[in-house]
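Please open the model in your viewer and keep the selection tool handy. We will go from the whole chain to single residues, one stop at a time.

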Amino acid sequence: MWARVLLWILCLVSTPTLNAQNVFSLENFEWADCPELQIDGITTQLATSLQIHITNLNLDTQCLQNSTSNQPLNRETLKALIQSSLNQIQNLGSQLPDFNLSIENLSIVDATRSYHTKLYLSHDAGHFDLKLNSKQGLELEALIDAQQLSINKLRVDEGFLKSFGFSLADELSSIALQGSLWPQLSLKAQTRLRKPSQSINLSIKHWENSLIKLESKTDFNFQQWLLPVFSISIKEQGTWSASAPELQLSAQGTWHWPTMGHINTLKTTGTLKANYNPLWLNYIPNLEFPKALQLLNAAINGSWQSQGLHLPELKLALSDGHALWDDISIDGLNIESKATQNSQGLWTHQGQLKLHQLDIGVPVTDIHAQWWQALARPIDDISALRVQALKFEVLQGIFSIPSLHLPLPSQASLSFRNLEMSQLTQLYPDLSLAAQGTLRGQLPLELSQQGLSIHDGHVRLDPARGYVRLSHPSVLEMKTQHQSLDFSLSLLEDFSFEQLHADVSLSTEGEMSFAARIQGFNQSVTPRRIDLNYTHQENIYQLMRSLRIGDELSGKLQEWIDRYSN
């Protein structure tokens, strides 16, 4: 198309008879064929070569777009287009004299927009030098002849990208490109982002078995993401690979782009492997971990599928993770998650969590949970998160919460069974207290921003038998000093019980109240059945904290941190 337009212009201005100064002028010229052409202010002068100046050239390309808009642009089509254009240029060069052409205002109009630029074109023995300079943000210098097509300079600024409706134009400052398009393909480009120090380098090599490389030298901001130093290689055979050394991350996958230039037709798949380190937190958008949480290490695996800029499916797994919540150690963290995105950009994600141990002072072990979040935006939105089938073990007791809804405030029901009293008494080694019996309970939970609380919880003995034996030396001393306590304390020295019912409550500050009604006997004190009322109050959080302090003082916690920090 461009060769035809150029030929028309040169034929028009080179055929008339020149005046005595070898100057020819034409006020205007119109061409109604496809593409439509209108020229104003034509001046030619014959010196050592033909000099042509055009004030305005308007080119309407809508007819060309209508005839070719449905043809896909791929490598073979692009190669054929370049080869055909170079053949036309070769034929054109053999028919034309040497010349210098300048167009002060070249306007190109299509169906939706118009472009305005200055154009300079020179011809010397079959070689064409082309220069474009537009206030819309385009600079081009190219060398064209029958054998080669080289780009000495191509600079595209933000304004020009926006005029094309380029979806990422707001993130970019400019794109600079140079290299050879034909016969060898070897291009290098630098994309500068909003911040002057941030850029991405691009190189494209080879028409056959093409190789594309992207890399950055510094961290940079892109939309809501902070991206690390990275390198990406894309091969024509439909594979790609990437790495980010700071994140100890590598990835690979496949791609298929049947219609180049139409981003919605690009399909990709990928898998990634990484070893987590705390630098990851710098690169996760809109995600604020609680200050108390410190993830020490974890292996990360992921996979995804994409269609254009749409990400229909994303899978992510974290395995063998170790973390700290203040001074609470988290061992063997494993998470598997899957997220799917609908056409409106809303996410549904689900997954499961497995945790070997959470040491709150007493080990909470074998933790399992599942979650479900529908129609989230962004992906880390948990405004409708539902946790299901939460199970864990404490002191050999089995605890479960069938369902828990977020956000807070929320309510749930915690049930437990097989909680051995012999395990509970080990929390108080100084009491010389022995107990046996299995407890079962139902604890209504209320969760709020202030913390966890329990109201009207119930605990009972199941099966209905057990005993308590209190043998601390202070018991004998108390019986001697307080005669009124002699009977009660003597009962507890060897008390067998058949029933135990207790009411339990817990405040958000950790204050627990345990009021038990116990029926049993001590044959050595009295043959009669005895009803005991026992009340115990204690701050559970302080108790757990005192147990953790023991680990800190012994050096066990620091030893654990040192083991998993690298």
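The stops below run from the overall fold to a few individual residues.

**Before you start**

This is a predicted model, in which local features need pLDDT of at least 70 and side-chain atom pairs count only at pLDDT 80 or more, while totals for chains, interfaces and linings use all residues. Residues are numbered from 1 along each chain as its sequence is written, and side-chain values use heavy atoms, with hydrogens and water left out.

**Stop 1: the whole chain**

Show the protein chain as a cartoon: there are nine helices and 33 strands. Helices (H or I, at least four residues) and strands (E, at least two) are DSSP runs, numbered from the N terminus. Of the 566 residues, 37% count as buried, where buried means under 20% relative accessible area, exposed over 50% and partly exposed in between (1.4 Å probe, protein chains only).

**Stop 2: the cores**

Select Leu249, Phe392 and Leu439, the residues with the most contacts inside the largest nonpolar core, which has 63 residues. Here a nonpolar core is a set of buried Ala, Val, Leu, Ile, Met, Phe, Trp, Tyr and Cys residues joined through side-chain atoms within 4.5 Å. Next, colour strand β31 (residues 495-506), which gives the most to this core, with six residues. Which two domains does the core lie between? Domain 2 (184-283) and domain 3 (426-540) both give residues to this core, so it lies between them; the domain bounds come from an automatic or database domain assignment. A second, separate core has 45 residues, among them Ile39, Leu106, Leu177 and Phe220.

**Stop 3: around Leu439**

Zoom in on Leu439. Leaving aside neighbours within four places in sequence, its contacts (heavy atoms within 4.5 Å) include Phe416, Met421, Val459 and Leu500. Leu439 in β28 is also the bridge partner of Leu419. Strand β26 (residues 410-420) and strand β28 (residues 438-448) run antiparallel, joined by nine bridges; two strands pair if DSSP finds at least two bridges between them. On to strand β25 (residues 397-405), which is antiparallel to β26 and joined to it by three bridges. β25 and β26 form a hairpin with four residues between them, and Ile398 stands opposite Arg417 in β26.

**Stop 4: two serines**

Select Ser150, in strand β8 (residues 149-157). Is Ser150 buried or exposed? Ser150 counts as buried, because its relative accessibility is 12%. The side chains of Ser150 and Gln148 are joined by a polar contact of 3.3 Å. A polar contact is a pair of N or O atoms within 3.5 Å; within protein, one must be able to donate a hydrogen and the other to accept it, and residues adjacent in sequence count only if both atoms are side-chain atoms.

Now move to Ser203 in strand β11 (residues 199-205). Ser203 counts as buried at 18% relative accessibility, and its contacts beyond four places in sequence include Leu187 and Ile212.

**Stop 5: backbone details**

Finish by showing the backbone atoms.

- The peptide bond from Trp182 to Pro183 is cis, with omega near 5°; Pro183 sits in the loop between β9 (172-182) and β10 (186-193).
- The peptide bond from Asp462 to Pro463 is cis, with omega near 5°; look for Pro463 in the loop between β29 (451-461) and β30 (466-470).
- Asp320, in strand β20 (residues 310-325), has a positive phi near 50° without being a glycine.
- Ala389, in strand β24 (residues 386-394), has a positive phi of about 50° although it is not a glycine.
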